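The sequence and the structure are shown below.

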Amino acid sequence: MTETARYKASGCGPGCSDTLDHGEAWVSPAGASFQGETAAFLLPMDGLRIDRAGATGDTIRFSNPAHPDWFISTTQLAIMREPMLVSRADLKTSVKSVRRTGFCCLAGCMGAIILAIVLVVALIASRDLLVGSLTNHFPPELEKRIGDVMVTTVAPPAGRLDDLELVTSLNAIAAPVLAAVPADEGFTSFTLYLSADPTPNAFALPGGHIIVNAGLIMTAENPEEVAGVIAHEAGHAALRHGLQSIISQMGTSAFIGLMAGDAGGLTAVLTDGGGYLLNQKYSRDFERQADEKAWEYLMRANVNPAGLVSFFEKLKGLESGGSVPAILSTHPATDERIQALETRLQALPKDKTWKALKVDYPAFKAAVTRSLEP
């Protein structure tokens with residue numbers, strides 16, 4: 001004798017309350033039966049009704065008008081293959097309908113999954129374009145606030161050289177270059193900081209903040225080299241590369257939220273203080289773009305761009321000597337970029353005169369060096 005197949009089910013029978021009874025269901029010639037923890041009952045085969053239930057339609061529900069308050073429900077779809085159900089003419093339509101609904105639910109779920117996959121793939125494929133668009137439409141005042149928070153961690157007041165003589169000299173070098181940045185480009189209101197960090201580095205934070213390390217002043221040989229680096233960082237700032245890097249590093253859910261107008265995903269950036277941004281290498285495209293802008297600003301300010309080229313060559317020399325300057329870890333001065341700048345430099349008229357940066361650089365450099373002494 002063949003053993004009757006049983007299926008995990010829930011039921012509501014005699015004395016059923018708001019809480020369903022859990023147990024097993026099976027089908028026999030008499031009808032659909034249920035045995036639970038507290039009750040057992042039978043829904044007669046004559047008049048038996050079979051429907052789909054549940055929020056996603058993945059539940060089979062048995063009922064019978066003879067007992068309107070009773071029902072048996074199960075998610076084990078194999079019950080619909082029971083011979084007692086398939087063979088009955090009066091249930092033929094119900095069985096087919098339930099099976100078809102199940103297939104449609106499955107197809108719908110698969111379609112939704114496939115659509116989600118397609119959307120994610122499309123999002124990844126077009127992410128760079130979306131990041132650029134989001135950056136261009138990002139509120140400048142919010143970017144400024146992000147930079148304000150980040151700079152307090154990256155270059156806190158206690159770690160800055162705020163001596164009036166030093167700050168005045170640095171601003172005198174930077175002023176002509178920063179004044180040459182067109183008013184319609186990104187951030188044109190820059191804030192300059194001189195950090196006590198002895199490593200040769202400089203970087204731009206979102207919102208027009210440019211930090212120059214004392215180590216860069218001590219490494220450079222003339223003010224034109226410092227001006228060239230500041231012009232490069234001004235290019236990053238004006239093109240909002242820092243903000244783009246932050247947005248591109250956001251998780252997919254936070255990124256989608258930002259596209260929908262929710263800036264909550266930037267909270268992690270503010271909490272981190274932007275430290276991770278300094279450890280991220282800009283892409284080659286970003287570096288080339290910043291070089292282009294630096295050249296443009298230097299030419300507009302009539303400041304000799306040879307300083308930018310010579311400083312990059314100096315850093316490249318330090319790298320080949322086994323000492324990797326900090327600025328190269330985040331701003332790799334590739335041979336390709338240096339060669340592109342040298343080609344432009346050689347094409348300039350030999351008799352061209354340049355603006356003299358009125359800074360006693362040896363004295364400035366010596367003062368910065370003294371400020372780092374214990």
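Which residues of strand β7 (residues 71-74) point one way, and which the other way?

The model is a predicted one. In strand β7, F71 and S73 point one way, whereas I72 and T74 point the other way. All of these residues are buried. Side chains in a regular strand alternate between the two faces of the sheet.

Strand β7 is joined to strand β1 (residues 7-12) by three bridges, and the two run antiparallel. S73 of β7 is the bridge partner of S10. Three bridges also join β7 to β6, again in the antiparallel sense; here, R61 stands opposite S73.

## The sheet as a whole

These strands belong to an open sheet of seven strands, ordered β4-β3-β2-β1-β7-β6-β5, with antiparallel pairing. Its edges are β4 (40-44) and β5 (49-53), each of which pairs on one side only. From one strand to the next, the twist averages 30 degrees.

Within β6, T59 is the bridge partner of A53.

## Helix α5

Helix α5 (residues 164-179) has 16 residues, which at 1.5 Å a residue should span 22 Å; the end C-alpha atoms are 21 Å apart, in agreement with that value. The helix bends by about 35 degrees at I173, and the proline P176 follows within four residues. At its N-terminal end, α5 is capped by D163, a side-chain oxygen of which lies 3.0 Å from the backbone nitrogen of E165.

The buried residues of α5 are L166, S169, L170, I173, A174, P176, V177 and L178. They pack against β8 (191-195), β10 (209-213), α6 (214-219), α7 (223-238), α12 and α16 (361-371).

## Helix α4

In helix α4 (residues 140-154), the end C-alpha atoms are 20 Å apart, which agrees with the 21 Å that its 15 residues should span at 1.5 Å a residue. Buried positions in α4 are L142, E143, I146, G147, M150, V151 and V154.

## E287 in helix α12

Helix α12 (residues 284-301) contains E287. With a relative accessible area of 1%, E287 falls under the 20% cut-off and is therefore buried. The side chain of E287 makes a polar contact with the side chain of H232, at 2.9 Å. Helix α12 is also one of the elements against which the buried residues of α5 pack.

Terms used: Residues are numbered from 1 along each chain as its sequence is written. This is a predicted model: local features need pLDDT of at least 70, side-chain atom pairs count only at pLDDT 80 or more; totals for chains, interfaces and linings use all residues. Side-chain values use heavy atoms; hydrogens and water are left out. Two strands pair if DSSP finds at least two bridges between them. Axes are lines fitted to C-alpha atoms, for helices over the stretch in contact, and angles run from 0 to 180 degrees between N-to-C directions. The expected span of a helix is 1.5 Å times one less than its number of residues. Buried means under 20% relative accessible area, exposed over 50%, partly exposed in between (1.4 Å probe, protein chains only). A polar contact is a pair of N or O atoms within 3.5 Å; within protein, one must be able to donate a hydrogen and the other to accept it, and residues adjacent in sequence count only if both atoms are side-chain atoms. The bend at a residue is the angle between axes fitted to the seven residues ending there and the seven starting there. Contact means heavy atoms within 4.5 Å.
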